[in-house]
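Visitor: I would like to learn how to read packing and charge pairs from a set of coordinates. Could we work through one case together?

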Amino acid sequence: MDQFDGISLKTRLYVLILAAFIPVTFLIVYVAEEQKAIEKEAILHRTKLMAQGVAEAENLQMMATRDLMAALAGAYLLADGRPKKMSVFLSNLRSQSDMYAVLGILDTNGRLVAGDGSAAMTHDYGNQDWFSTCLEQKRLTMGPYHGEHVDGAPVLYFAEPISNRRGKIAAVAFVAINLNRISRSLFEQLSELPPGSRLTLVDERQVLLRYAVETARWSEAQYVDPSLQQQIANQASGVLVAEDEKGMPRIYAFAHLESALQPRRIAVVLEIPRSVALAASSRTFVSNLILLIVSALMAILSIWWAANRFILRRVGAIVRANRRLIAGDFRARVGRIGANDEIGHLAGVFDEMAASLQMRIEREEQVTTSLKHSREQLRRLSAHQNDIREHERIRIAREIHDQLGQSLTILKMDLAWLKRRLPAGDGILKEKIEVMVRLIGESLDKLHEVTAELRPVILDDFGLAAAIEWQLEIVLQRSGIGCRLQNNGYEPDLSRDQATALFRIFQELLTNIIRHAEASDVVVRLEERNGELRMQVADNGRGITEDEINSPHAFGLLGIRERLYPLGGKAVFEGRPGQGTRATIYLPLNQPQRRGQKGDTT
């Protein structure tokens with residue numbers, strides 16, 4: 001159900017209603033496609049009838065032309081080679097019918113012997129294919145549909161050999177039939193087609209002729225898509241949809257005609273604009289679609305009214321109460337909203353939940369307030385303990401330095417005085433005194449180390465940077481870990497509490513590195529950025545883990561954070577396995593301390 005996330009209830013109701021219309025939509029589309037298929041079948045049937053009509057017209061024309069050619073052959077033999085008399089006969093014959101564009105007699109070389117006197121007639125037809133074929137096959141021959149014109153009109157040539165009494169070809173009779181004057185019945189069928197329709201004759205190699213309904217004349221076709229032409233040539237009949245030379249979608253219904261005089265098949269292609277051919281089915285589809293849309297709108301309006309009246313208004317009351325509850329108003333209630341149905345029951349459950357939540361929140365607020373107070377007290381106690389510890393360290397360091405240090409120094413001076421007054425030969429006592437002086441010196445050195453650990457005087461006299469550098473030298477001497485400070489001479493101006501806290505944090509970080517990091521190099525950076533002191537301690541050890549950083553037993557890290565809290569600072573610990581640990585301390589400068597203030601920035 002994730003796909004419905006973020007969709008309103010009203011929209012879902014609309015979707016459900018519209019989903020009910022999906023089967024009806026599919027039915028409308030199916031009926032429209034069926035009607036289109038029926039119309040395409042009708043177009044294909046009409047095309048087949050036209051192909052049959054063209055074939056019958058061609059056969060009838062062939063029979064009539066055969067008779068005409070026989071008459072011309074007989075007349076030529078009777079004329080006994082007199083061309084003028086034969087030309088008069090041909091002229092009279094042509095004047096009786098406008099079907100014939102040219103009538104003539106050729107010798108065996110293709111030169112004109114007698115003609116009907118037409119201006120379109122030439123004197124040499126020897127290069128014509130139909131003439132050569134007639135001589136080779138010695139029978140009635142029909143020329144191609146494509147490329148032959150007389151006076152701008154497409155014509156179809158027929159040729160018949162004329163044999164003398166010895167059976168040798170003496171001449172060739174030919175006739176050019178005007179294609180625009182034949183197939184009257186076919187033209188009547190074409191005139192019934194819608195505007196923009198065309199009839200095209202195509203073979204597998206080229207487009208032959210095209211008949212346009214608007215002009216009612218045959219013309220030489222200019223273009224047919226080669227892929228469409230190949231599909232037509234490879235199928236006996238069918239219906240295709242493709243674009244014409246102008247990019248207009250057309251329906252191409254085709255069928256092949258069989259002719260005794262044609263050596264290859266010719267396809268009759270009926271072209272009708274797709275928008276015109278399927279206009280009836282398109283109108284039916286559009287009307288059904290409009291009816292469907294109107295019905296869907298009426299259903300949506302009904303759902304809109306019912307949903308707002310019985311569902312959405314009541315759900316909106318629950319939503320508004322829920323938003324008030326989310327905003328923190330735990331007194332928000334829905335109350336009674338209409339009938340005691342499922343939504344009313346939901347509102348009652350919501351009110352019960354809100355009342356229970358209000359009581360729980362009030363108890364949690366009391367507990368949280370108590371916990372915050374206790375936590376703040378603990379932090380104050382911790383800060384107070386740190387202050388007491390530092391003051392106690394200072395007191396102890398001062399007493400050790402003033403009392404024990406002075407006593408050891410006086411004792412060392414007395415031993416030196418005593419050594420000078422011993423007899424010259426008493427070597428054992430002098431040696432004992434030297435041992436005592438050496439032990440007292442070592443005790444003084446140890447005393448100074450303890451005093452420095454309790455409270456380094458260099459921190460109070462020279463500042464944090466000097467104290468850090470001094471502590472690094474001690475670590476280098478004791479552990480052999482390479483240590484260096486990078487501060488570019490920067491010495492922060494800190495209060496005594498700030499300096500003490502940062503130095504103790506630094507000492508805690510060094511202790512952790514020595515104990516746990518397994519590092520060989522430590523780099524300390526001290527700098528100021530945007531009014532904030534940044535102290536970074538980085539090592540090349542094993543790297544601290546997230547579990548170690550967040551461990552409840554990491555008391556050292558917890559102590560660092562608690563030391564920084566009263567000062568308004570924070571600590572960030574980062575570790576990469578095998579690459580080391582980086583601890584960065586951020587402390588705002590020139591900012592009052594927050595000791596005793598509630599909250600925690602760490």
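**Reading a helix pair and its salt bridges**

Guide: Start with the contacts between two helices. In this predicted model, Ala-501, Leu-502, Arg-504, Ile-505, Glu-508, Leu-509 and Asn-512 of α13 touch Gly-556, Leu-557, Ile-560, Arg-563 and Leu-564 of α15.

Visitor: At what angle do helix α13 and helix α15 pack, and how far apart are their axes?

Guide: The angle between α13 (residues 496-517) and α15 (residues 555-564) is about 165°, and the axes lie 10 Å apart. Angles over 145 degrees count as roughly antiparallel, so α13 and α15 are roughly antiparallel to each other.

Visitor: Is the crossing of α13 and α15 left-handed or right-handed?

Guide: The α13 and α15 crossing is left-handed.

Visitor: Now the charge pairs. How many salt bridges does the structure hold?

Guide: The structure holds eight salt bridges. A pair qualifies when a side-chain nitrogen of Lys or Arg is within 4 Å of a carboxyl oxygen of Asp or Glu. One of them joins the side chains of Arg-360 and Glu-364, with an N to O distance of 3.3 Å.

Visitor: How are Arg-360 and Glu-364 placed in helix α9?

Guide: Arg-360 and Glu-364 are four residues apart in α9 (residues 342-420), which means that about one helical turn separates them. Glu-364 has 39% relative accessibility and therefore counts as partly exposed.

Visitor: Which parts does the salt bridge between Arg-484 and Asp-521 tie together?

Guide: The side chains of Arg-484 and Asp-521 meet at 2.8 Å, N to O. Arg-484 belongs to strand β13 (residues 482-486) and Asp-521 to strand β14 (residues 521-529), so this pair ties together parts 37 residues apart in sequence. Arg-484 is partly exposed, at 38% relative accessibility; Asp-521 is also partly exposed, with a relative accessible area of 22%.

Visitor: What is the separation of the closest N and O atoms between Arg-534 and Glu-532?

Guide: In that salt bridge the closest N and O atoms of Arg-534 and Glu-532 are 3.5 Å apart. Arg-534 has a relative accessible area of 22%, so Arg-534 is partly exposed.

Visitor: To finish, what should I read for the chain as a whole?

Guide: Take secondary structure, burial, contacts and surface in turn. The chain has 15 helices and 17 strands, and 40% of its 602 residues count as buried. Of the contacts between residues at least 6 apart in sequence, 60% join residues at least 24 apart. The chain exposes about 34800 Å², of which carbon and sulfur atoms supply 55%.

Technical notes. Residues numbered from 1 in each chain as written. Predicted model: local features only at pLDDT ≥ 70, side-chain atom pairs only at ≥ 80, totals over all residues. Heavy atoms only, no water. Buried < 20%, exposed > 50% of the residue type's maximum accessible area, 1.4 Å probe, protein only. Contact = heavy atoms within 4.5 Å. Areas by Shrake-Rupley, 256 points an atom, 1.4 Å probe, with all protein chains shown as cover. Axes fitted to C-alpha atoms, helices over the stretch in contact; angles between N-to-C directions. Parallel < 35°, antiparallel > 145°, perpendicular 65-115°, else oblique. Left-handed = near helix turned anticlockwise from the far one by under 90°.
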